[in-house]
Each structure stands twice: as structure tokens, then as C-alpha cells.
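Please look at the sequence and the model first.

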Amino acid sequence: MTTLHPPPELRDRTPPDPAGTGSAGREGPRRAGRSGGGARLGRFLRRRPGLVAAVVVVVLVLTAAFVPALLAPGDPAVGDTAQRMLPPGPGHWFGTDHLGRDVWTRVVHGAALSLQATVLAVAVALVVGGLVGLAAGYAGGRLDELLMRGVDVLLAIPAILLSLALITALGFGTVKVAIAVGIAGVASFARVTRAETLRVRRSLYVEAARAVGTRRLTTLWRHVLPNAAGPVTALAVLEFGLAILAVSALSFLGYGAPPPASEWGSLVADGRNYLAVAWWICAMPGLVIAATVLSVNRISRALDGEWGRSV
Amino acid sequence: MSRLLRFLPAGRGAVLLAATALTLTACGSGAGGAQADAGPPRPGGTLVVAVSSDQGCADPQQVTSNDSIYALRQVVDSLTDQDPDTGEIVPWLATSWSSNADATAWTFTLRPGATFSDGVPVDAAAVKANFDRVPELGARGSLPKGYLAGYAGTDVAGPTEFTVRFDEPNVQFLQGTSTHSLGLLSPDSAAASDDERCAGVIGSGPFTLERYVTDDVTVLAKRPGYDWGSALFTHPGEAYLDRAEFRVVPESGVRAGSLQAGEIDAIASVGQQDEAPLIAAGAELPARANPGIPFGITFNHDTPLGADPAVREALARGIDRDELVAAVYPSQTRPATSALASTTPSHADQTGHLGHDPARATAVLDAAGWLPGPDGIRAKGGQRLTVPLNFAQNIATTKPALELVQQQLRRIGVDLQLVERQISETAVIQQKGDFVALWANLTRADPDILRSSYWSGGNNFYRFPAGGPLDDALVAQAAAVDPAERTRQAGEAQRLLAAGHHQIPVVELTTVLGVGPTAHDVAFDASSRIQLHDAWKSE
């Protein structure tokens with residue numbers, strides 16, 4: 001299992017502008033005006049074919065997740081055993097599997113399950129990690145010590161091992177896989193949120209808000225949270241890619257939805273025994289996972305101020 | 001990944017072996033042309049076998065998984081042996097035996113001169129030590145405990161004479177003595193705790209256990225001076241091989257590839273997709289259907305669905321066994337025709353009750369009030385015909401097979417839900433009755449397997465109702481000393497099981513080995529496991 005670490009600048013950089021971190025793009029078009037913005041966008045994208053491809057892949061994946069019938073009208077669970085293990089070609093773009101089911105149809109219909117688990121996993125990590133980080137950073141002192149040492153313990157255990165331990169306790173199923181992956185991702189969110197909260201907490205406007213007697217929770221909610229959210233959002237997108245991998249890994253190991261559900265990881269696992277004679281059963285879903293993870297990472301990098309840095 | 005790396009040192013060993021072989025052929029160049037037919041058996045060499053899993057125990061009395069039994073069968077001898085062709089029981093450590101009229105006492109005479117590899121003689125006292133210990137084994141010892149059901153004690157009449165007594169008639173005990181599960185351990189090994197025994201045991205077999213590493217490898221070494229083989233062995237004296245090594249390689253593709261590359265000599269559990277490449281590489285694919293209960297679906301009769309004969313019959317008729325066998329299983333596999341597999345003694349064909357007949361399946365469901373809903377799934381009184389089927393993935397073909405069964409049953413309007421469980425969980429689920437239907441098989445070369453599975457007075461995992469004609473037939477076959485009467489009663493039990501669709505047999509588990517061109521005479525025993533005493537390697 002490959003572990004991608006968030007780029008260092010996400011963890012400990014101090015952005016120049018507390019209000020617009022990680023989303024500098026929002027201000028670009030406004031400054032440049034509408035027609036100039038279009039030209040700039042065209043230039044921006046022309047120089048980045050990778051980013052365009054990444055967006056296309058993500059749009060396709062999202063389409064597959066929400067309206068799978070648009071891309072693959074067939075039934076993913078029904079095959080014709082007379083047509084099993086046909087190589088990729090017209091009629092079956094990704095080939096057919098060991099029971100004669102169309103691999104493309106199965107990948108498309110599996111997207112919803114895999115993405116659902118991924119979104120849930122990131123949401124769990126974001127909400128729990130964000131709250132822990134916010135509380136630790138804002139309260140400071142003993143609570144900070146206590147929470148962050150807890151986070152250190154989580155960090156000390158390899159993420160996939162932690163997920164496996166959790167899934168063993170929780171049982172099988174898509175939602176349980178998502179929770180297991182989410183909990184394992186709590187630590188990185190907690191640390192980034194805490195770092196941001198610490199920085200924002202000492203800024204003038206927060207001290208001013210306190211000085212005029214705003215209540216602590218209101219300050220936290222109205223001033224600290226929105227200004228600390230930028231890097232955390234970028235991390236969430238990055239974490240999305242990691243979560244796809246982790247969710248697929250667990251469903252590869254058989255912890256996901258029961259058959260005949262076609263989660264991406266279990267599709268790869270199904271093809272394992274046929275590698276020598278029918279490589280496409282394994283390779284096609286594997287390539288889709290790889291393409292999705294790379295695309296999400298590419299977009300996450302673009303969100304991380306690439307527009308602002310471009311000319 | 002680490003499993004691949006593990007092959008490296010072995011590869012170096014193979015080079016050494018090949019070098020030795022070259023020197024040997026150079027010296028004995030007179031025997032040229034022996035490549036085509038392998039010539040007479042030659043002693044020496046190491047046979048390397050790849051299996052797909054390990055049960056985590058090196059005690060033949062406590063393992064149930066074929067992959068573990070392959071290696072451990074070689075370490076122990078049994079009182080008797082069973083002819084795989086005729087099912088006849090023949091002498092091994094015991095030269096003769098007899099039972100009293102109601103099969104509650106069995107008297108054996110041992111051959112003199114056999115010893116365990118720690119030097120202790122194989123005598124009546126050693127047998128008593130083994131049998132006395134069996135009822136105390138934990139959950140892992142379910143097989144030998146079943147063979148010794150009703151065990152009342154062993155009387156030692158002399159060093160080679162003893163009598164095993166039972167509280168109730170026990171005809172199947174004789175076949176039990178031929179299995180690895182009642183293979184004899186040295187009294188010291190037998191006395192050790194269950195877990196100590198799992199780390200390694202001492203037997204009297206043609207091989208000794210040299211090294212056992214959980215989930216990795218089992219190494220056997222030839223027992224020097226072995227001279228008390230079964231009547232079925234084709235040569236007297238020691239085994240031909242110096243060593244046998246059983247490596248755990250989970251992926252079937254990697255096993256097949258290693259055999260093609262000549263890195264290993266034999267593999268277990270050959271998949272359908274690996275057959276053609278292996279045959280092209282010159283490997284032989286011996287196959288034998290495992291005797292006992294074939295893979296199939298059995299309902300918990302305490303649940304509403306399990307108690308509904310229409311649902312049971314619809315499933316039995318809705319499954320297209322021929323399509324299943326052709327699409328998923330190795331080509332030598334046969335569809336199941338009865339509650340017993342075709343290689344079990346007393347098997348009786350019940351195809352009339354089990355043939356694929358979707359028209360009849362839908363008619364039966366219609367008549368019982370299960371009518372198709374808008375999505376094609378049938379329902380009755382608002383309840384959908386959803387059957388949760390528990391299964392454990394103990395061989396690679398299980399999941400694809402069940403996904404196909406799921407598709408087939410959908411065509412007749414049954415929604416089969418597949419619930420995967422861990423292999424270790426299955427025993428607990430059965431005991432608690434916490435299931436609607438279960439996918440399982442059980443290997444044993446004796447019809448008594450039906451009684452231990454379906455008799456309402458036994459474990460009765462499937463909650464069969466008590467007191468019916470099925471119970472009578474099952475008990476009668478267990479007490480029938482006359483073989484013809486026993487076959488008749490066992491046949492009646494199979495007919496009742498099939499006619500009531502109490503158990504829905506689907507496919508016979510068929511053990512397919514891949515044996516490379518340099519390995520010879522790797523033979524199946526009556527339970528479709530292997531015996532290596534007569535196996536040899538040519539170079």
C-alpha cells in the first residue's frame with residue numbers, strides 16, 4: 001500500500017492572506033475582468049493538459065457514480081457464461097470476466113459504491129479530525145496536550161493496519177469500511193486544523209473580537225473556523241485520493257459489500273486468479289482506480305493556489 | 001510479495017539439484033532415452049509441492065483442511081487403509097480385525113516391529129493412549145471425535161492385541177481407522193496439549209516432520225528403516241523421496257506459473273483457467289472427486305424459509321449444475337447427483353429429484369403463493385423471497401460459483417443474498433443455528449457422514465425435525481454390520497434427503513493436482529488426499 005503524504009507546504013506554511021488560503025483562484029477572475037479571465041483560463045488550461053485530463057476523468061467518474069446507466073446501460077450482475085473471458089474489443093471495451101459479465105459495466109456500476117465509501121470516509125476524517133484540531137488549537141493547555149498525544153498515538157499506527165483492526169471489530173460492509181478508513185485519517189486532519197487554528201487565534205481580528213466581548217463559541221465559529229478552513233479543504237481533496245486507495249484495498253481483501261456488488265477493489269481481487277489468461281479482469285479496474293487517484297491528486301494540487309501563481 | 005522472494009533460496013537449491021542430476025546422467029549415460037517413459041522408480045530427491053493455504057496446525061488428528069492434510073498424512077500410519085477404487089478396508093498397521101455382532105466392540109491385531117520415530121514401539125498401549133486422548137481434544141478435533149462417537153474405552157489384551165469398545169453400534173469406526181484423523185501418534189506426542197501438538201508431532205509414517213512454519217512451509221524427511229507400509233503401497237520398505245516440502249502459495253496463478261517454470265514439482269487446487277497452460281507445459285492433472293457430502297445448500301429447518309418445501313424444491317430445480325460446472329470448475333468436476341458424492345461407497349444417484357427444471361421450479365413457487373413482483377423477485381404476503389446464504393471462501397471457486405447460482409436463481413424469481421463468513425466462524429454459526437441457509441461440503445469416504453450431519457439426534461446443525469423415516473434410515477445404516485443392508489439403508493437416506501430437498505447438492509468438490517513432468521506416482525488415497533510413499537522424482 002502506497003502512502004502519499006500531504007505536501008509539506010500544506011502542513012506548515014503560513015499563507016500570506018488569512019481569508020483566501022487555498023482558494024486564491026476565487027479572486028483571480030474578479031480582478032482580471034470577465035473577457036480577460038476567459039483568455040487567462042484558456043491559456044492556463046492549454047499549458048496544463050494533465051489538469052484537463054484529470055477534470056475529464058473526475059467528471060466521468062462522478063457521472064458513473066450518479067447516473068451509471070448513461071455510461072453502461074447493461075446489468076452489472078448478469079453475464080453470459082458462453083462469453084466469458086473475452087478480451088477487450090468492440091462490444092466489450094474492458095473485456096468480460098470469468099462469468100461472462102462486462103467489466104466496463106461492472107466498473108461503472110461499482111463507482112457509486114466505491115465513491116460513497118470514499119466520501120463518507122473523508123467526511124468522517126474531516127469532521128472528527130477538524131473538531132479535535134479546532135478544540136486543541138483554540139483551547140490550548142492541557143486539553144491540547146491530551147488531544148494531540150491521542151493523535152500521536154493514532155499516527156504511530158500505520159493507517160492500513162488501524163483500518164484493518166477497526167474493520168475486524170466493526171464487521172463487513174461498505175459503510176463500515178468507510179468508517180474504518182475515516183478514523184484512520186483523523187490524525188492528519190486534526191494536526192492541520194490545529195496548526196491553522198493556532199495561527200488564526202493569535203491574529204488581530206480574533207483578539208479584537210474577544211476584546212469587544214464576543215462569546216468564545218461565536219468567535220470560534222464566526223472567525224476562527226472560516227479562516228482556518230482553507231488548507232484543510234485542500235487536504236480533504238488530497239485525502240480523497242488516499243481514501244479511494246484505502247477503501248479499494250479493504251474491499252480487495254473482501255471486507256466490502258457482499259457479492260455481486262462490484263466495488264473497485266473487489267473487482268481487482270476477483271481477477272487475481274485469472275491474471276495469466278485474462279489480464280483485463282484485474283488490470284481494467286486497477287487502471288480506473290489509478291486514474292481516479294492521480295486525477296484527484298492533480299486537482300488537489302491545482303486547488304492549492306496554482307491559479308494564483310499562474311500568469 | 002514476500003512469498004515470491006521466498007522462492008529465491010529454493011531456486012538456488014534447484015540449481016544445485018540440477019547440477020547433481022547432470023553429473024548423474026553423465027555417469028550413467030547408458031540409460032539414455034529414459035525421458036520419454038520415466039523408467040523404473042529411483043530413490044532420492046526432494047519433491048516440492050505448493051498448496052494454497054495452511055490451517056495453522058501440524059497435528060494430523062486436529063486438521064480438517066485438505067491443504068494441511070496433504071503434508072501431515074505422510075507423518076502418520078493408520079490401523080487400516082482404504083482402497084480408493086473399491087472402498088474396501090485393507091491392512092496397514094493392523095493385520096486383522098473383527099467386530100462383535102452389533103458392532104459395539106472391535107478387536108484388532110497389530111503387526112509386530114513397527115516403531116514411532118522416537119523409538120517407541122507401535123503397540124496396543126500406544127493405540128490406547130491415542131484413542132483415550134481423542135475425546136479430550138478441543139474444537140479442532142471434530143473429525144476423530146466423530147469417528148470414535150460413543151467411545152467407551154480400549155482393552156489391551158497383549159502387545160499386539162486390543163479391543164475398542166463403544167456404548168452404541170459403530171460400524172463407521174472401521175473406515176475411520178483408515179483416515180489421517182485416527183493416524184497414530186507416539187504416546188508422548190499424544191499426551192501433549194492440543195496447542196503443543198499443533199507445533200509438531202511424532203508418528204510412525206514413511207516421513208517425519210522436519211520443520212513446520214505456520215503459513216509458510218512444512219518440510220518432511222524420509223523415515224529411515226520404514227518397513228510397515230499399507231497393503232496398498234506398491235513397493236515395500238522406505239519411501240523413495242528423501243524429502244518433501246509443502247509451501248504455501250495462495251494465488252493459483254503463481255502456483256501454476258511456478259510449476260510451468262519447473263520451480264516446484266506439484267501443486268494442489270488447480271483452477272480451470274490454469275489447465276491449458278499446465279498441459280502445454282507437460283504437467284499431468286490427476287483428479288478425483290472428494291467423497292462425502294458434495295458442495296451444496298442446506299437450509300436451517302427452524303426458519304420459515306427452510307421449513308417451506310416449495311422454496312427448497314425451487315432452489316434444487318432452479319440451479320443449472322451443468323452450466324455451473326462448465327463455467328467455474330476444473331474440467332474433471334462433476335455435478336452432484338445425491339447427498340453423497342459419486343466416489344463415496346453406497347452412493348445412490350438421485351438425479352430424478354435434482355435435475356435442472358426451471359418450469360417446475362416456477363410452478364412450485366406459484367402454487368405455494370410466491371408470486372413475481374414488479375422487479376421479478378417473488379413475494380408472498382408482502383415478504384420478498386430473499387434467501388440469505390452463508391458461505392466461507394475455503395476454495396477459490398466458491399465465490400464465482402455462488403455468483404453464478406445467484407444469477408440462475410434470479411431467473412426463477414429468487415433473490416439469493418451471499419453473506420461471506422470466515423472459515424473459523426462457520427462452526428459457531430452452525431452450533432448457534434444463526435443462519436437461514438449454508439453453503440458447505442464435508443469430505444469422508446463413508447456414508448456415515450450423512451448421519452453425523454443430518455441425524456436429528458446428533459449435532460443436527462440444520463435443525464431437521466426428529467422422528468421421521470430419515471432418522472430411522474440414518475440410524476439403521478450406522479448399526480448395519482452387513483454391507484448390503486448398510487448400502488440399502490444409506491441409499492434410502494439419500495432418497496429421502498433428495499425427495500424432500502432437505503439438502504440441495506450442487507457440485508462435487510474435485511481435487512485436481514498439477515504434477516510436473518519430473519514427479520511420478522503421486523497417488524490419491526480413498527479420501528482424495530495424497531500418499532507420497534510411492535512417489536518419486538526423475539531428473
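## Basis

This is a predicted model, in which local features need pLDDT of at least 70 and side-chain atom pairs count only at pLDDT 80 or more, while totals for chains, interfaces and linings use all residues. Residues are numbered from 1 along each chain as its sequence is written, and chains are lettered from A and ligands numbered from 1 in the order in which they are written.

## Domains of chain B

Chain B is assigned domain 1 (3–287 + 511–537) and domain 2 (292–508), with bounds from an automatic or database domain assignment. Their centres, taken over C-alpha atoms, are 31 Å apart.

In domain 1 of chain B, 23 residues are in contact with 20 residues of domain 2 of chain B (contact: C-beta atoms, placed from the backbone, within 7 Å). The domain 1 side comprises 9 nonpolar, 12 polar and 2 charged residues (nonpolar: Ala, Val, Leu, Ile, Met, Phe, Trp, Tyr, Cys and Pro; charged: Asp, Glu, Lys and Arg; polar: the others, Gly among them).

## Contact between the chains

Chain B contributes 22 residues to the contact and chain A 17 residues. On the side of chain B, α15(B) gives the most, with 7 residues (helices are DSSP runs of H or I, at least four residues, and strands of E, at least two, numbered from the N terminus). That side holds 9 nonpolar, 8 polar and 5 charged residues.

## A helix pair in chain A

Helix α7 (residues 141–156) and helix α10 (residues 186–201) of chain A have axes that come within 9 Å and cross at roughly 140 degrees (axes are lines fitted to C-alpha atoms, for helices over the stretch in contact, with angles from 0 to 180 degrees between N-to-C directions). α7(A) is therefore oblique to α10(A) (under 35 degrees is roughly parallel, over 145 roughly antiparallel, 65 to 115 roughly perpendicular and the rest oblique).

The contact of α7(A) with α10(A) involves residues including Met148(A) of α7(A) and Arg194(A) of α10(A). Its residues divide into 7 nonpolar, no polar and 2 charged.

Definitions and conventions. Contact = placed C-beta atoms within 7 Å.
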